[in-house]
Amino acid sequence: MDEPGGAPVGKASRKRSTKIQTLGIASIVLLVGLAALDRVGRMDVRFFADSWPAARGFVHYLAADFGGAAHWYRVSIASSVNPRQTSSSGALLAGNHELAEALARRELTQHPEALAPALTLAEIALARAQNSEALEQAGRVLKVQADDIDALLVTALAQARRHERAAALDTLKRALRQDRLERRYTVFLAALQAAGELAVLDDPPLCILAHIHRYLSAYDPARVDTAAQYAQRAIEAGDQADDALVTLATVHAARGQRRRALEEFEKAIAVNPSNTTALLGAARLRAARGELAAEYQLVQAAFQARPDDPFVAERMHDVLTRRLGDYRQALAMDETAVAARPDDPQAWSRLGAVQSRLGEHEAALRSFGRSVELKALAEAHEGMGDALRQLERYDEAATAYERAVKIDAYRPGPFVGLALLHAREQRYPQALDAYEQARRLGADQVVELCALYHETGKLSRAMGCLQDVLARDPENPRGRTLMEQVQRTAASRRPA
Amino acid sequence: MIAQIRSGFCYLALAVLGAWSVWAQFFYRASQPYLTVLMAVLTLVATGVMLALGFVRIYRALQRKPPKRLVRLGYRACGFVVVAFTLWGAFLFANGRLDRSDPVAHATEIVGIAGSETGMGIIPFTWMELRPWREPRRPQRLLVRGDERPRFFNGQPVVVLTRRGYFGVAWVSAVEPDVARQSREILKLTPRASQVYKDLIRFYVRIGRLDEARRTAGEYTAQFPDDRDFPVQVASLLNPRDRSNH
């Protein structure tokens, strides 16, 4: 029907309706495009290699064919490296297993204590489905480095293939609780492949799959959804429900839903009161809320459940010393930890640190000494330096600090120790150098450096140093007193 | 067209004023059962609408079309609301900024936080309901900023620091977890937790409860007689405050 003026109303209305539809479709396409871009933008660069096989791998990955994805990514990496490799790990990357095995065995003959060739042999065995051999080789690495993530992952995958599900889950949990990731790309691909293989089994290990996807989420955050789905299915099927609940909790925490995460951790604790991952996870969330008493009780429960677990012992030590300042209880706890694991160098070093804090310097020296015998840890050498300085054995203290610097040149503590020794001997330029180095490395409060600037007449530096200290800690009493002294000295030097 | 674009930018300028008012209401906030929250929400809505209207106006000007009547009407209504709340924001800003009174601490508890965790994470601006600490005993609602939100949860014991206000309108300068209650709880479990004592004393000094700080320092000295450094530090914290109080 036309308007009296002759304008076609129906046509205009249809035109408007078409415009609105076009706008609606364009908006939906834009939103979907943005969501896809966001998803891809969060993925690690390892998914986007510049080759045709890598593109095929990516397509397989997006289609949730993880086995296919791992295969094509392997083809991609093999085509990008020199096939004539001279190291076992390089030959493994190039996909030449025979050469990799031969090189690894030769490397082990030359250096029997080397870990990389053992890990290569473990990976080759895993690829050939020789799971016992993979476990044996990865076990050699874990004997020396109990928390080596690559070895833990290879072990967990081999155990999962052998249907040792409880053991595989325990190993995966040990790998995932650390704040670092694997070093070898080939191990990542093995995990990706396992995610595909295990999912198509008649009786898939749901909880293990949830954990593998949690691991993969470090490279592709969208995998947390898959992890949550597997965890939910595991809970329903009664497959390690406590660990599945922990996975759900970590997924909620990753999404910023801390209340829901805490609820899931508490459910996991209700299912299994000695699940240390759940106890420590809940403790971390309670700590973030400032609930110190709850944090302490949860960590204590974890330590009582597993006093032989170094990860739990370290956390308990941290709560008792740093958060509570209860050094007597820390001493008893560290003595228990050392009794449970007498060959753990970190446990001895922690015991030494507590003894030192309690003024038991001779005992501390013995503990640090035992730690150093087991493994050359920078913190143990630094602790030895501190104990020796307190015992007025200054030359030995300097040697201990220098050893600590040699092992880890980025640790500020030994530089502070050296500076104190230089200052004691009135070697001020060296003391200043050491203090400045400690400050550059992030030493918390170097008020002594400011004092030394003041003593050596560098007033403007002293002022700047103190301003820095007081900006970070306005109530610092030594800093405030020193600032008054520096201001007085500066005023007295000004011409009248 | 130029006049219309200029007018669009006036809308945007008003939206900026509205945003500033929201900021002032969140930083120099007063606690009330409903009013302050309602005013902040209204300001936020009016600012958002004003911003949208500004863009619509500029868009239509570029298309050489006259502004719609509804837009003009909305502009007037929102303009009025934004200007009124900008004055309210300016009042709160001056009331807090010029205030030199000491904070008074009130121990209370969070009853609930509006818009708890959502699928999208934490909402940046929200409000919380607190157990009443003054007469008449009606629940108090307080705006919560995005940076504060992760530290708070339902049922949490907190300390609210209120100040008198330059114009006599009491305002909340900070909300902190109630370290005293938490520390006493942990000290029952581990009486030799020296760091907890230290944190508790510093907390008392920070909120101006100097007598409690002194009493706790006495407990610390009795418990740890070998520590000679910390009592000196406490004295250096307490003495300047004592002098300023006299």
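Tutor: Let's begin with a definition: a crossing is left-handed if the near helix is turned anticlockwise from the far one by less than a right angle, and right-handed if clockwise. Helices are DSSP runs of H or I with at least four residues, strands are runs of E with at least two, and both are numbered from the N terminus. By that test, helix 16 of chain A makes a left-handed crossing with helix 17 of chain A. The model is predicted: local features need pLDDT of at least 70 and side-chain atom pairs pLDDT 80 or more, while totals for chains, interfaces and linings use all residues. Residues are numbered from 1 along each chain as its sequence is written, with chains lettered from A and ligands numbered from 1 in the order written.

Student: What makes helix 16 of chain A roughly antiparallel to helix 17 of chain A?

Tutor: Their axes come within 9 Å and cross at roughly 150°. Axes are lines fitted to C-alpha atoms, for helices over the stretch in contact, and angles run from 0 to 180 degrees between N-to-C directions. Angles under 35 degrees count as roughly parallel, over 145 as roughly antiparallel, 65 to 115 as roughly perpendicular and the rest as oblique. Therefore the pair is roughly antiparallel.

Student: Which residues of helix 16 of chain A meet helix 17 of chain A?

Tutor: Among them are Leu292(A), Tyr296(A) and Phe303(A) in helix 16, while helix 17 brings residues including Val312(A), Met316(A) and Leu324(A). Contact requires C-beta atoms, placed from the backbone, within 7 Å.

Student: Why is Ser132(A) called exposed?

Tutor: A residue is buried if 20 or more other C-beta atoms lie within 10 Å of its own, exposed if 12 or fewer, and partly exposed in between. Ser132(A) has 10 within that distance, so Ser132(A) is exposed. Ser132(A) sits in helix 7 (residues 131-144) of chain A.

Student: What makes a set of residues a nonpolar core?

Tutor: Its members are buried Ala, Val, Leu, Ile, Met, Phe, Trp, Tyr and Cys residues joined through C-beta atoms within 7 Å. The largest such core has 158 residues, and Phe265(A) is one of those with the most contacts inside it. Helix 10 (residues 185-199) of chain A gives the most to this core, nine residues. Apart from it lies another core, of 36 residues, including Phe415(A).

Student: How many residues of chain A are in contact with chain B?

Tutor: 20 residues of chain A are in contact with 22 of chain B. Helix 16 of chain A supplies the largest share of chain A's side, three residues.

Technical notes
Contact = placed C-beta atoms within 7 Å.
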